[in-house]
Amino acid sequence: MFTRDSSWIRPIRPPGDAVDTAVFSAVVIAIGFALSFALTNGFHDASNAIATLVATRGATPAQAVLLSSVFNMAGAILLGTAVADTIGGIVTVPQGQMVAVVGSGLAGATAWNLLTWWLGLPSSSGHALVGGLAGAAVVNGMLGGGGGLESVNWGGVAGWHPTGVIGVLVALLISPLAGFAVALVGVRVLRGAARRWTDRWTTPVRGAGWVAAAGLSFSHGANDAQKAMGVIAVLLLASGRSDTMAVPLWVKVLSGAALTLGTALGGWRIVKTIGRRIFSLTPIDSLSSQVSSTAVILSASLLGAPVSTTQVVASSVVGVGAGRRRWRHVRWRIVREMGVAWLATIPGAAALAVGVLLGWRML
């Protein structure tokens, strides 16, 4: 069972409790789902860190992937665990049910990521994870396994730190608006400074694009890898493999590596949507989008607010179009499709997680 101390979950284990092979196997499977989630998160979000750089030919795909890989991993390892703590406190169910609920939530979120990636639609992995965890926890309670509505930490905002589902949703709502606004202002400032554009600006702007892409990859690794870290920490705690919610170094490395691998394997569908289908970007537009996205995501990571790199980068691209006063050049059909995908993510991932939970309970 679990006792709740504020937002922390603490397991009570009988002394000398023998290792249960079935529980151990379930934990391994659930951690596999967590790493699969990080991998598909890379399909979506890590690719966004390099989308505008590749689309404007500031770097080749191979160069951009290498750059993103290094800084994704650095962000995952170096920038604390505030986001992991927020994600780790989303649901609380009895100890014997935690692995099944978290594993099902992760599987549902991963399936949703794969579906939207196949369709080439940028969607929020953070939304998918929250929907999957909450859906699995609520239905597990309805089936008599412990949980229900009261097992979900609905939370809010404590000071500047978001807690629970509401806190995560607030962060996911505000961050695209911030990305749009910062990019709109940023592109006007940069274009004002470069009013007398000549060819000599091209090389410095593209060089700055590399720096901005590195910063965006770092901030992405700091925010999104922590989502997988948080649920793995919960799994280790629930199964008695850890006594605290502290994230071990090996978890940070594996989560960062899975996120990075996703960039190389499957992100190019999303790169095309972000970099070319919303708005035709120039190098200075790309730089504006990257800098504004980095500022928003890095700030959110330091505050412990899980955000969607997809949403922030996509909204910053729209902000660039607005800042250049070229609304008619923004492909609003693509923006609408992305908006529908974002709205459908939480219920869609929740439904998929419930399906996995039903199968898990039959095993």
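A contact is counted here when heavy atoms lie within 4.5 Å. Among contacts in the protein between residues at least 6 apart in sequence, 84% join residues at least 24 apart. The model is a predicted one, in which local features need pLDDT of at least 70 and side-chain atom pairs count only at pLDDT 80 or more, whereas totals for chains, interfaces and linings use all residues. Residues are numbered from 1 along each chain as its sequence is written, and side-chain values use heavy atoms, with hydrogens and water left out.

The protein has twelve helices and four strands, taken as DSSP runs numbered from the N terminus (helices: H or I, at least four residues; strands: E, at least two). Of its 363 residues, 57% count as buried, where buried means under 20% relative accessible area, exposed over 50% and partly exposed in between (1.4 Å probe, protein chains only). The accessible surface comes to about 14,600 Å², of which 68% belongs to carbon and sulfur atoms; accessible areas come from the Shrake-Rupley method with a 1.4 Å probe, and for residues only the protein chains shown count as cover.

On this surface, Leu149, Trp154, Ile166, Val170, Leu173, Ile174 and Leu177 form a nonpolar patch with about 680 Å² of accessible area together. Patches are made of residues with over 30% relative accessible area and no salt bridge, with like charges joined within 9 Å and nonpolar side chains (Val, Leu, Ile, Met, Phe, Trp, Tyr) within 5 Å; a salt bridge is a side-chain nitrogen of Lys or Arg within 4 Å of a carboxyl oxygen of Asp or Glu. Trp154, in the loop between α5 (125-142) and β3 (156-158), is partly exposed, with a relative accessible area of 38%.

Helix α6 (residues 164-193) packs against helix α11 (residues 309-323) at an angle of about 35°, with their axes 7 Å apart. The axes are lines fitted to C-alpha atoms, for helices over the stretch in contact, and angles run from 0 to 180 degrees between N-to-C directions. Residues making the contact include Gly179 and Ala183 of α6 and Ser315 and Gly319 of α11.
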